[in-house]
Structures are given as structure tokens and as C-alpha cells.
Amino acid sequence: MILTSHNYALMVVGVLAIVVGYAIMRLENRVDGFISLYVAPLLILGGYLEVIYAILWQKR
């Protein structure tokens, strides 16, 4: 297999970060709120970067 269980675990963490980021953005329900402007986008970006890292990670 190309991906190991470690890759899948990292991918799950990234997807959960993306889902939590979108959820807290929706829960605040304000366009100019601190969480929806700063926290949620950074969490979503971190989640996407984590998924990319999980796909590219290889055991040496």
C-alpha cells in the first residue's frame, strides 16, 4: 500500500480541523467577528495543510 495507517491518522486529524473550522465559522454567524475572521480561516488552512502533509509523508 502507498499510504500507511499513520498517513490515514494524519488525514483524519486534518479533516477534523477543517470541519471544526467551518463549524465555528458558522456558529459565530457574524461577518466581522474575531473568530470568523481570524481563528476559523487559520484552522481551515491548517487542516488543508495537514491533509497535504499526510498524503506526502513517507516512512524512511
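Colleague: Which residues does Leu-10 touch, not counting residues up to four places away in sequence?

Modeller: Contact means heavy atoms within 4.5 Å. Here Leu-10 touches Glu-50, Tyr-53 and Ala-54, leaving aside residues up to four places away in sequence. Before we go on: this is a predicted model, where local features need pLDDT of at least 70 and side-chain atom pairs 80 or more, while totals for chains, interfaces and linings use all residues. Residues are numbered from 1 along each chain as its sequence is written, and side-chain values use heavy atoms, without hydrogens and water.

Colleague: Where does Leu-10 lie, and is Leu-10 buried or exposed?

Modeller: Helices are DSSP runs (H or I, at least four residues), numbered from the N terminus. Leu-10 lies in helix α1, residues 5-28. Buried means under 20% relative accessible area, exposed over 50%, and partly exposed in between (1.4 Å probe, protein chains only). Leu-10 counts as buried because its relative accessibility is 15%.

Colleague: How many salt bridges does a search of the whole structure find?

Modeller: A salt bridge is a side-chain nitrogen of Lys or Arg within 4 Å of a carboxyl oxygen of Asp or Glu. The search finds one: the side chains of Arg-30 and Asp-32 meet at 3.3 Å, N to O. Arg-30 is partly exposed at 49%, and Asp-32 is exposed at 55%.

Colleague: And Leu-56: buried or exposed?

Modeller: Leu-56 lies in helix α2, residues 34-56, and counts as exposed because its relative accessibility is 64%.

Methods. Helices (H or I, at least four residues) and strands (E, at least two) are DSSP runs, numbered from the N terminus.
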